[in-house]
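Please read this report alongside the sequence and the coordinates.

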Amino acid sequence: PVINAYNDSLYDQTISLCEKYLLKFSDNGRYSADVKIYLANSHYSSGNIVEAVNIYMETLEGPNNGFTELAASRVAKYLYNEGRFEEVIKYYVRLEKISSIPEVIFNSELGLMRSYFLIENWNASSIYADKVLGNSQINDDMKLEAYYAKGMSNFYLEKFDAAKVSLVWVIKNTTTVKAAEARYSLAESYYKQNHLDNAQEEITALIKQRPAYNYWIARGLILKSRILILQEDLFQAEQVLKSVLDHYTVTDDGILTEANQLWDELMQLKEGRKAIEPETNITIEINENGGD
């Protein structure tokens, strides 16, 4: 009766029959695993997504069967869309292992790259970015996303040489905000390696980039101030930093907080420099009478 009702798309009836069976036989029924899948599918088809996902997750605690791929795919889609990135990973991993369908495998790898990136597991994100880039199903948008994920992951891992290749690819292949972030990250990587001239060049390119992205320009100017401080050009550092404080209007994204903190450090440096500078107008009086 369950299969007949399900095949006829009588989902309310299917749900009722499945629940009666499971109530009668609990988990000991011969067909309990299959009945749970029909129950979950019926809820899913009826729009009861949360109820369906909960049942799918319960069935996925057991061994693989003919319904595992469908259940894992639906759970993964739901969890990812809900922003539950840590939870979704094990379902994508399972799909990657069990599926023989190239599209499912690719979508699992893409989901893993994105999820690992979003939970800041940079090493795993970089690994899956390589898998995505090596897949023949990739399109231009996904290629950009994968190079971005790989470049930024390696940047955060401070693997700067590996990061550079991907970041430069992003810069050359898009004018979106990803290019601005990539350019800034490249400048910061040079700064951290003490390649200050290279960092300055990337900041200049970032400022000239069109379209302009004020957040990344402001971060670039703050980084430029740090470089000028290292180069002991405190006057120029002050002018650059002042331009951020005077003209940046967003108050809740951290830019002004960082700029003000650096301003305080700069002012302390200037005061410290004044304190150790020798006085230049000291006069020495000489007694012409020979000390009498």
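## S185 in helix α11

S185 is found in helix α11, which spans residues 177–192; helices here are DSSP runs of H or I with at least four residues, strands are runs of E with at least two, and both are numbered from the N terminus. The model is a predicted one, in which local features need pLDDT of at least 70 and side-chain atom pairs count only at pLDDT 80 or more, while totals for chains, interfaces and linings use all residues. Residues are numbered from 1 along each chain as its sequence is written, and side-chain values use heavy atoms, with hydrogens and water left out.

Is S185 buried or exposed? With a relative accessible area of 2%, S185 is buried, a class that covers values under 20%, whereas exposed means over 50% and partly exposed lies in between (1.4 Å probe, protein chains only). A polar atom of the S185 side chain lies 2.8 Å from the backbone oxygen of E181. Beyond its neighbours within four places in sequence, S185 is in contact (heavy atoms within 4.5 Å) with M152, F155 and L167.

## A76 in helix α5

A76 belongs to helix α5 and is buried, its relative accessible area being 1%. When residues up to four places away in sequence are not counted, A76 touches V88, Y91, Y92 and L95.

## The largest pocket

A76 is also one of the residues that line the largest pocket, together with S73, K77, Y80, Y92, L95, V104, N107, S108, L110, G111 and R114. The volume of this pocket is about 220 Å³. On a 1 Å grid over the protein atoms alone, a pocket is an open set of points with protein on both sides within 12 Å along at least five of seven lines, a cavity is a set where a 1.4 Å probe fits but cannot get out, and lining residues have an atom within 4 Å of a point. Grid points are joined across faces, edges and corners, and a volume is the space filled by probe spheres set on the points.

Helices α5 (68–81), α6 (85–98) and α7 (102–118) each supply at least two lining residues, and α7 gives the most, with 6 residues. By class, the lining has 6 nonpolar, 4 polar and 2 charged residues, where Ala, Val, Leu, Ile, Met, Phe, Trp, Tyr, Cys and Pro count as nonpolar, Asp, Glu, Lys and Arg as charged, and the others, Gly among them, as polar.

Two or more lining residues come from each of α13 (214–230) and α14 (234–247), with α13 giving the largest share, 4 residues. This lining has 6 nonpolar, 4 polar and no charged residues.

A search of the whole structure finds 1 cavity of 30 Å³ or more.

## Confidence of the model

The mean pLDDT, the predictor's confidence in each residue from 0 to 100, is 91 for the protein, and 92% of its residues reach 70 or more. Over residues 282–288 pLDDT stays under 50, and the model has 1 contact beyond four places in sequence for them. Where pLDDT is low, the predicted coordinates should not be read in detail.

Technical notes:
A polar contact is a pair of N or O atoms within 3.5 Å; within protein, one must be able to donate a hydrogen and the other to accept it, and residues adjacent in sequence count only if both atoms are side-chain atoms.
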